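Biologist: I am new to this structure and would like to learn how to read it. Please show me the chain, then take me through its features.

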Amino acid sequence: MKIFNTLTRRKEEFKPVTPGKAGIYVCGPTVYDFIHIGNARPMIVFDTLRRYLEFRGYEVNYVSNFTDVDDKIIRRSLEEGVDSLEISERFIAECKKDMEALNVRPATTHPQATKEIPDMIEMVKTLIDKGHAYVVDGTVYFRTRSFPDYGKLSHKNIDDLESGHRDEAHALKVSGEDEKEDPLDFVLWKPMKEGEPFWESPWGKGRPGWHLECSVMSKKYIGGTLDIHAGGEDLIFPHHENEIAQSEAANGTTFSNYWMHNGFLKIDNEKMSKSLGNFFTVREICEKYDPQVIRFFMLSGHYRSPLNFADTLLEAANSGLTRIRNAAQDLRDRGAGAEGAEMSEETEKALQEFTDRFDAAMDDDLNTADAISVMFEIVKYANQNRDTMEPADAAGILAALTTLGDVLGLIVVVDDDEILDDEIEALIEERNRARKEKNFARADEIRSMLEQKGILLKDTREGVKWQRV
Ligand code: AMP
Ligand code: ZN
């Protein structure tokens, strides 16, 4: 598989540190509110990366954090007059509900910053011991110029950064507190302010800096060199640049071999922001659209391209997904009773070609848009050959569609659990007919299908009775 690596600005063949395994760290949300629709993009995109690597046989260790100590969380806790932990735990739980709705699988580990403080203190100590950090009045700063590779990810020159205002367009603003040795230095540990959460440390009561959290949690749960570190493109500078500086200065090894960044999601071609009134949570959008439509929509574009979010585009995603689902339903009906039968060589060959093309798209830097096109081609193939198709062919095509859908996290066959009384009666009628015709296989199939939906049949002298269990 080829991956566009922000570090080298090239597509590179993915070579994991340990063959057959992949350690992936994705920067997660700051949990002070419901996640917004932009936050859903990295979740969906990198969940799809994980699913694809697993589909190709990799054992993936997928780690994604929750930033649960932060100014915004503290502000909200003060507003509500509750502990900041109550805010973060509440929104972690809400975030997990949204992830489940979007069919984003839980990470192997979801570390939380507040639960990893001792390891953070250890890394800061190491950085001080190695001369990469210094203490001023309870604040610990990273000595940026002590790390010669600073700027290698964002491709910024350290001297350009120093002048800061030199290029207004890039707005490379680096805060310049007086006490710092150098305006480029950034905070590793900050002293407590009145009313804020704090932890004891060798430098006094305080809390860790945001960048430090990810360096420590990725090391703890993946260890050594990460295969892939990912997040939204806004994180390249300074967050990821600073993570590299801290981790490589402390550990003396490469922090991550590949860096992947998703493009930004805009609303009606404008930056999403609360002040513009075009800010939507995942929860709000899910009131109007099936969360699967959101997922389908997000994967219809390339993850590195900017993505415009608009009602008309969601409508288009909805009809695209419906087209695939209708075809799947039709294939399911046609494939009934195909158990044990083999599909034709021709269908098998066609499906192999489709699967190869799906893989080729995904191998090309996760081109999910092309992968979805392949799914549409399968639908077209199924429709074109509808009248000549044997049940085994229909079942085979459906299996391929379901498997590829699952790689993208798209649910192709919707199990409608809500079976209506009329449908039950109709199926019982069909079962009676089947029995009369001595088609006991079909009769049994109907009985077990109903059983799976929690409908129990009882053959009595007065005929078949049924009940919901
Ligand atoms: P945050 O909670 O702001 O730290 O964001 C969590 C994740 O969502 C990070 O990977 C961000 O880069 C990403 N993200 C935030 N806003 C957007 C957006 N509008 N489009 C795409 N990704 C975003
Ligand atoms: Zn991070």
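Modeller: We can start with a term: a salt bridge is a side-chain nitrogen of Lys or Arg within 4 Å of a carboxyl oxygen of Asp or Glu. Side chains of opposite charge can pair when their charged atoms come close. In this predicted model, D33, R76, E80 and R90 are linked in a network of such bridges.

Biologist: What should I know about the model and the numbering?

Modeller: This is a predicted model, in which local features need pLDDT of at least 70 and side-chain atom pairs count only at pLDDT 80 or more, while totals for chains, interfaces and linings use all residues. Residues are numbered from 1 along each chain as its sequence is written, chains are lettered from A and ligands numbered from 1 in the order in which they are written, and side-chain values use heavy atoms, with hydrogens and water left out.

Biologist: How many helices and strands are there in the chain?

Modeller: Helices (H or I, at least four residues) and strands (E, at least two) are DSSP runs, numbered from the N terminus. The chain has 15 helices and 14 strands. Its C-alpha atoms fill a box of roughly 90 × 50 × 40 Å along the principal axes.

Biologist: What share of the residues counts as buried?

Modeller: Buried means under 20% relative accessible area, exposed means over 50%, and partly exposed lies in between (1.4 Å probe, protein chains only). Accessible areas come from the Shrake-Rupley method, and for residues only the protein chains shown count as cover. Of the 469 residues in the chain, 49% are buried.

Biologist: Back to the salt bridges. How many are counted?

Modeller: The count comes to 39 salt bridges. One of them joins R105 and E54, whose closest N and O atoms are 2.8 Å apart. That pair links distant parts of the chain: R105 is in the loop between α3 (84–101) and α4 (117–129), E54 is in helix α1 (residues 40–55), and they are 51 residues apart. R105 is partly exposed at 29% relative accessibility, and E54 is partly exposed at 26%.

Biologist: Which parts does the bridge between R207 and D71 tie together?

Modeller: The side chains of R207 and D71 meet at 2.7 Å, N to O. R207 lies in strand β8 (residues 206–208) and D71 in helix α2 (residues 71–80), so the bridge ties together parts that are 136 residues apart in sequence. R207 is buried, with a relative accessible area of 3%, whereas D71 is partly exposed at 41%.

Biologist: And where do R435 and D459 lie?

Modeller: R435 and D459 form a salt bridge with an N to O distance of 3.3 Å. R435 is in helix α14 and D459 in strand β13 (residues 455–460), 24 residues apart. R435 is partly exposed at 32%, as is D459 at 40%.

Biologist: How do I read a patch of charge on the surface?

Modeller: Patches are made of residues with over 30% relative accessible area and no salt bridge; like charges are joined within 9 Å, and nonpolar side chains (Val, Leu, Ile, Met, Phe, Trp, Tyr) within 5 Å. Lys and Arg count as positive and Asp and Glu as negative, with His and the chain ends not counted. The place of a charge is NZ of Lys, CZ of Arg, CG of Asp or CD of Glu. Here D422, E423, E425 and E429 gather in a negative patch on the surface. E423 is in helix α14 (residues 421–436) and is partly exposed at 40% relative accessibility.

Biologist: How many disulfides does the structure hold?

Modeller: A disulfide is a pair of cysteine sulfur atoms within 2.5 Å. The structure holds zero. The sulfur of C95 is 12 Å from the closest cysteine sulfur, in C286, which is too far for a bond. C95 is buried, with a relative accessible area of 2%, and C27 is buried at 11%.

Methods. Accessible areas come from the Shrake-Rupley method with a 1.4 Å probe; for residues, only the protein chains shown count as cover.
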